[in-house]
Structure formats: structure tokens, C-alpha cells
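I opened the notebook to record what I looked up in this structure. The entries below follow the order of my checks.

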Amino acid sequence: MIQVFDTGAFLINGSLIIPDDTDAEAKLRQAGVDISKNEAKKGTITYGILASHNTGDEHNLRLKFDSLASHDITYVGIIQTARASGMDKFPVPYVLTNCHNSLCAVGGTINQDDHVFALSAAKKYGGIYVPPHLAVIHTYNREMMAGCGKMILGSDSHTRYGALGTMAVGEGGGELAKQLVGRTYDITRPEVVAVYLTGEPAAGVGPHDVALTLIAAVFKSGYVKNKVMEFIGDGVAGLPVDFRNGIDVMTTETTCWSSIWQTDSAVKDYLAVRGRAGEYRELKPAAAAYYDGFVHVDLSRIEPCIALPFHPSNVYTIKELQHNARDILAQTEEDGLKALGNPNLQLNLKAKYRNGGIWAEQAVIVGCAGGIFDNIMAAADIMKEASVGNGNFTMSVYPESQPTYLELVKNGAAEIFMSAGVLMREAFCGPCFGAGDTPANGELSLRHATRNFPNREGSKPGEGQIASVALMDARSIAATAINGGRITAATELDIPFGKYRFFFDRGIYDKRVYDGTGRPLPETELVFGPNIRDWPAMPALPEHLLVKIVSFITDPVTTTDELIPSGETSSYRSNPIRLAEFTLSRKDPGYVDRAKAVQALASEKVKGKSEEISGIFRQIQGIPGCEEITLDVVGIGSAIYARKPGDGSAREQAASCQRVLGGSANFALEYATKRYRSNLINWGILPFLITDETVFSLGSYVFFPGIAQAVRDEAKTITAYVLDEKLFTITVTLGDLTASERQILLDGCLINHYLS
């Protein structure tokens with residue numbers, strides 16, 4: 001099914017695979033190829049695209065993107081950051097979609113206030129404004145912005161348009177703000193992993209089945225972490241472009257940095273149908289290409305899959321689950337309760353197995369992964385003349401865009417669904433992050449969506465509410481629905497799947513989308529609602545730093561959803577102070593009060609009068625070489641420890657909320673994603689790496705003498721002192737930092753950096 005190589009590999013003429021082992025040189029000679037590994041690395045599709053966007057050297061990339069994309073949870077903060085940094089116009093096309101905070105009854109007027117702000121910003125600075133419910137962010141960018149050889153930067157982690165020949169990157173808002181003020185995206189050249197596809201999927205197997213199988217194969221090992229996944233092989237040609245898009249958008253869950261696919265006439269047709277034939281060019285590896293890793297995927301052996309709670313990598317084939325349901329569900333429940341840290345919750349997963357089957361209460365097909373035209377049409381084929389029944393089981397379908405919805409109406413799918421008792425919704429990302437179709441307590445929801453992290457369905461475990469999400473392909477979801485919620489693989493049914501042509505009505509966008517690209521109207525006044533607030537002032541990095549550990553998390557991985565929850569918090573992301581109140585609220589409810597207490601100690605009025613600080617300072621002055629340090633040159637902040645934080649969303653608020661509450665540092669054994677680490681740096685939070693978590697605990701103080709000088713000097717290691725009952729000396733690192741990143745940390749945040 002999937003073979004993950006333990007070496008890199010050469011690819012010769014697109015088909016001959018030569019693993020980079022002791023026989024590699026002989027096999028290359030036998031094939032008549034005389035090329036070095038370094039030269040062959042230039043033969044990847046990735047190398048060419050990065051080279052055409054790079055303003056730096058070959059190793060240290062300084063990238064400029066062709067366009068930017070944000071939705072209504074992120075764009076206000078980004079524009080506010082760029083405004084404060086001196087931006088006067090959008091230098092590249094910038095798409096502002098409204099597909100997350102679209103339920104405008106939530107939070108009163110403040111969601112719609114953000115939309116009004118975005119339209120005024122698109123006019124003032126020359127941007128593209130896509131009104132609510134017209135399209136989800138990634139669909140609009142696939143349809144209207146992607147092109148072969150392009151690069152797009154988006155403030156959403158699922159920014160992936162590789163199947164259309166576009167290298168797309170999901171990052172925190174700070175990286176978009178850099179592009180908006182004419183700066184570059186800086187990264188060490190990433191490694192490239194080939195995903196070589198062969199064969200064709202069986203009828204009933206969909207893109208989510210392929211994607212989940214791939215995630216299961218590479219996630220836990222970190223095989224593609226912060227690398228580029230390059231999809232090649234003869235199996236690509238047999239996949240419709242929508243199928244490719246469905247796999248591609250899920251590459252985010254592997255923790256790769258970006259993705260790219262070889263292109264062909266199917267991509268050309270996809271772009272031509274959307275009036276953009278000029279954006280096509282053929283992309284394929286050179287005659288000799290070298291990949292740092294290699295994954296071989298036989299599509300014909302992929303089976304319908306299910307990702308059980310609470311991660312997309314918790315994957316089983318549906319057949320495997322059916323044969324061993326009791327044990328698998330029991331283990332999933334045990335692991336889930338352990339991860340949630342509340343053994344008193346009633347996950348109710350074991351109870352889903354009854355009468356010889358596994359039963360769910362809800363099904364949702366939604367968004368950039370599930371709401372794709374081909375997925376929905378295949379589900380409709382399965383549901384013809386069927387019914388979801390009038391019991392507790394419910395089903396909703398969210399088409400990815402209004403053009404897609406129109407085609408579903410024209411092809412009869414909308415009628416099929418509604419006749420079957422399925423609810424047809426508008427384009428909306430809400431069910432992907434907990435703002436729509438929230439199940440009842442203890443229920444199991446099956447979703448063709450991007451994630452199934454805890455709380456992603458809208459429940460609140462801290463208040464005793466818990467529901468669960470399992471990811472499945474739309475085809476198997478439809479097969480399950482016609483069986484009343486009994487989990488069923490689509491391959492168990494004998495269904496004739498149709499082939500449907502998609503006709504794109506661009507007029508839907510032309511009539512409603514405001515496109516001011518290249519035509520800023522500087523006289524336009526920005527429209528601020530009462531919830532839209534400027535960023536508070538952030539201090540520069542002090543010469544010496546004292547931090548207190550105010551949250552200590554020992555979970556194997558900490559997601560961004562746990563650092564700053566999704567769902568009901570989304571409405572407050574235009575208000576940094578209000579949003580900060582939700583920081584770690586589901587993982588560590590005491591964090592905010594503890595962080596505020598340290599923030600109060602750091603104030604000039606309190607700092608010199610606190611008995612706690614005075615006692616700590618006496619310890620500091622007892623450290624050799626620190627006798628002359630005075631309190632006025634020591635900054636005080638809070639810090640978080642987590643073993644591996646930052647898996648999941650790109651949202652910068654996971655870092656900015658810490659900073660708003662006086663956060664100065666994070667400690668970790670490793671960071672789950674580059675984007676979370678970048679968010680920390682852009683908000684002036686030191687991303688420390690440690691090797692031994694036992695040296696401190698919740699409430700520990702850690703002192704860094706000469707921290708600013710260490711950052712200036714590019715110190716490889718930094719000495720710090722843990723000030724508990726007795727003194728511990730520890731060594732930490734900051735990992736690799738570019739010159740720009742070091743200066744941002746010294747200045748205290750990105751805004752300060754651009755104003756300095």
C-alpha cells in the first residue's frame with residue numbers, strides 16, 4: 001500500500017527509482033546517468049519554483065509570494081499589524097474571504113463588523129474582498145488565484161494548492177504582514193520528499209482515504225516535517241483534479257511545509273474551465289532528480305479509512321475497525337481521556353459498538369477537503385432514492401462555493417440530498433473548527449473535514465461537554481448515512497458512479513467580489529467596529545530576563561487549538577485584549593490568572609516592592625558574575641513549557657495571546673511546526689529548546705543574564721539559572737535564527753522591528 005524509504009532516492013526519467021544506498025552509483029552508471037546528488041536536487045519541481053521566487057542565496061531562501069490569502073478570523077490582526085508597521089497599500093494581490101466568522105449572530109454585530117472592515121481595507125489598500133458564504137478560502141484561491149509555478153502565502157494552515165502546480169504555504173499572520181510591508185519570507189532551503197503514486201483507486205475509495213493513509217504512514221515519525229511533499233508518478237494522471245485537491249489539502253496534517261504536484265492536461269482543463277488557461281504550464285521532474293525522502297503509494301491497494309478521535313493520524317481501515325471494534329474503541333477512549341486530562345468525562349465511544357456494528361449520530365461533508373464538487377456528486381450517487389431516516393442520525397453538506405452549489409443543483413445532487421433528508425448548507429468552514437453542526441454530548445460525528453482534534457466539533461470538555469469526530473471520505477459517509485448511521489465502507493456497496501462535467505459560472509464572483517488589485521483608494525476610511533482594537537505596546541528584549549513558568553504541559557503534543565481555542569473565541573480575534581482571556585482555557589484554565597499575576601509583578605510600580613521578586617533577586621545577585629545586576633535592567637515575563645507545542649492551525653493568536661499577557665518565552669523539547677515557532681518569534685517570544693524538563697516545574701523562576709547580548713552574538717547555547725529552593729544551572733538553545741529573526745526578538749515584536 002505505502003512504502004516509506006529509509007533513504008533518499010534518485011528518480012530517472014520519471015519512472016526509474018534508485019534508492020540512495022551502497023548500490024546507487026552502480027545503478028546510475030547502468031542507467032547511463034552521470035550526475036551528483038547536489039546537482040540532481042535541482043531537478044525537482046520544488047527547486048525550480050523556489051528558485052524563481054528567491055531573492056536570497058541558494059541555501060538561505062528569501063521568498064516573495066505571488067499573492068496572499070486570509071479569512072475573517074485572521075485578516076484584521078494582519079492588517080492592523082501591517083498598518084502599524086507602515087503599510088500604505090497591498091503590494092501583491094491579497095484575498096480576504098469571509099468563511100469562518102460567518103454566523104453573524106454569534107457575538108452580536110462584531111463578526112459582520114469585521115467583514116465591513118475588510119471591505120473598507122480592500123478598497124483603501126487595493127485588495128480582493130469575497131463576501132460571506134460565497135466561497136471558502138481555499139476554494140476561491142484554487143479557482144481564481146492558483147497557477148502553475150506560482151507561490152501563495154495564506155494565514156490558514158490548510159493553504160495548499162499543490163495539485164494546481166502552486167506551492168502554497170500556511171503561516172501565522174506575522175509572515176503575511178512581512179510581505180505586506182515589502183519584506184521576505186526567510187527559510188533555510190527545505191528538503192523535498194517524493195510521493196510517488198502508482199495504480200488507480202478502487203470505486204468507492206476517495207481522496208480522504210488516500211490522504212488519511214498517507215498521514216498515518218508519515219506523521220508520527222516526522223518523516224516530512226517542515227519539508228515539501230512532491231507528488232509524482234504515473235498514478236497522478238488517473239486522478240481527477242478534484243481528487244488531487246482533496247489529497248493535497250490534507251498534507252498539512254503530515255506537518256509538511258508545502259506541497260507540489262506534477263501537472264498535466266487535466267490541470268490545464270481545470271484552469272481553462274475557470275477562464276484561466278494562461279495560468280497553465282507543465283511541471284514535472286527533470287530527467288534526473290534527487291529526493292531527500294521517498295514514499296511509494298500504490299493507489300489500487302488503498303482501502304476506505306477512518307481517523308478516530310482525536311487526531312487525523314489515528315487511522316484504521318474501516319474493515320479493520322469493524323473486525324476489532326471493541327478493542328480499538330476502548331483504546332481510543334482510554335487515549336482520549338488521558339490526552340484530555342479529565343478521567344471523569346464520558347466519551348461514550350465503546351457504546352458506539354452495538355448490534356454487530358459501529359454507529360454514529362451525525363455526518364458532515366464540508367469545506368476545502370469535503371465540499372469539493374466530485375466528492376459531493378459521488379455521495380449523491382450513493383444516496384439516490386435513499387433516506388437518512390427520521391431518527392437521531394443527521395447529515396449536512398456544505399458545498400465549497402456558490403459556483404459549486406449551482407452545479408450541484410444543475411446536476412440533480414441538491415435534489416437527491418434534500419429528498420434523502422440531508423441538509424444543504426452554504427459555503428462555510430464552521431464545522432471544521434467548532435462553529436456549526438455541534439453534536440450532542442457523547443455523540444460521534446463522521447466528517448469529511450480537515451481535522452478531528454478535541455473541541456473541533458464545538459464541545460467544551462472543561463464544562464463536562466464532550467463529543468467526538470472521526471474523519472471519513474464523503475463516499476463512505478454517504479454509505480453510512482443510507483444505513484442509518486452504521487459505519488459502512490463505500491466499497492461494500494455496488495454503486496455505479498457517474499462522471500460529471502463541471503461548468504464554472506464566473507459571473508457569480510464577478511457580480512459580488514470586490515477586486516481592487518493594483519487600484520488602492522487611499523482616501524477610503526477604514527471602518528472600525530467596537531470590537532476592533534489596536535495591538536497593545538510590546539517591550540523590547542531586556543538585557544537580562546527573568547521568567548516564571550506559569551503553565552507546564554506534559555502531553556506528547558500540544559495543538560494550537562489547546563493554546564488558543566477555536567469555536568466561540570473566533571469572534572474576538574479582532575480584539576487582542578479580549579481574546580487573550582481565552583488562552584489555554586481548555587488545557588490549563590489557571591494560566592491566564594497566573595500570567596496576569598506575573599504581568600503585575602513586572603510593572604514598574606510593583607516590581608521593586610514585591611517581596612516575591614525581592615527574594616528572587618537576592619538569589620540572582622548570589623550568582624557569580626551577577627552581583628552588580630540591578631533590578632531596573634531586568635525584564636520580568638511569564639513562560640510556558642510544553643513538550644511539543646504548535647501542532648495544527650497556523651493562527652498567530654496562539655503566540656500573540658501569550659505576548660499580550662506578558663509572555664516572554666516558551667520552553668519545549670521541540671516545536672511541532674515551523675509556523676508556530678515563527679509566530680513566537682514574530683511576537684517577540686523566545687522559542688527556547690531544552691533537553692530535560694525535570695529541571696523546573698510550574699512556578700519555577702528562570703533567569704537569563706545577558707540574554708539580549710546572547711541573541712546579538714548568535715550564541716549557540718545560552719546559560720540560564722533555575723531559581724527554586726536551590727539553584728540549578730541549565731543550558732538552552734534558540735535553534736537556528738536568521739539575522740532578521742534575531743532582530744525581531746531584540747526589538748520585541750514584528751511591529752517594533754519595522755518601526756525601529
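How many nonpolar, polar and charged residues are in the lining of the largest pocket? I worked from a predicted model, in which local features need pLDDT of at least 70, side-chain atom pairs count only at pLDDT 80 or more, and totals for chains, interfaces and linings use all residues. Residues are numbered from 1 along each chain as its sequence is written, and side-chain values use heavy atoms, without hydrogens and water.

**Pocket.** I found 17 nonpolar, three polar and nine charged residues in the lining (Ala, Val, Leu, Ile, Met, Phe, Trp, Tyr, Cys and Pro count as nonpolar, Asp, Glu, Lys and Arg as charged, the others, Gly among them, as polar). I noted a volume of about 1,100 Å³ for the largest pocket. Of its 29 lining residues, Pro240, Asp374, Gly498, Lys499 and Tyr500 are the closest to the centre. A pocket is an open set of points on a 1 Å grid over the protein atoms alone where a 1.4 Å probe fits, with protein on both sides within 12 Å along at least five of seven lines; lining residues have an atom within 4 Å of a point. The volume is the space filled by probe spheres set on the points, which are joined across faces, edges and corners.

**Cysteines.** I counted zero disulfides, a disulfide being a pair of cysteine sulfur atoms within 2.5 Å. The sulfur of Cys749 lies 14 Å from the closest cysteine sulfur, in Cys657, so the two are too far apart for a bond. I recorded Cys749 as buried at 1% relative accessibility (under 20% relative accessible area, 1.4 Å probe, protein chains only).

Notes. Buried < 20%, exposed > 50% of the residue type's maximum accessible area, 1.4 Å probe, protein only.
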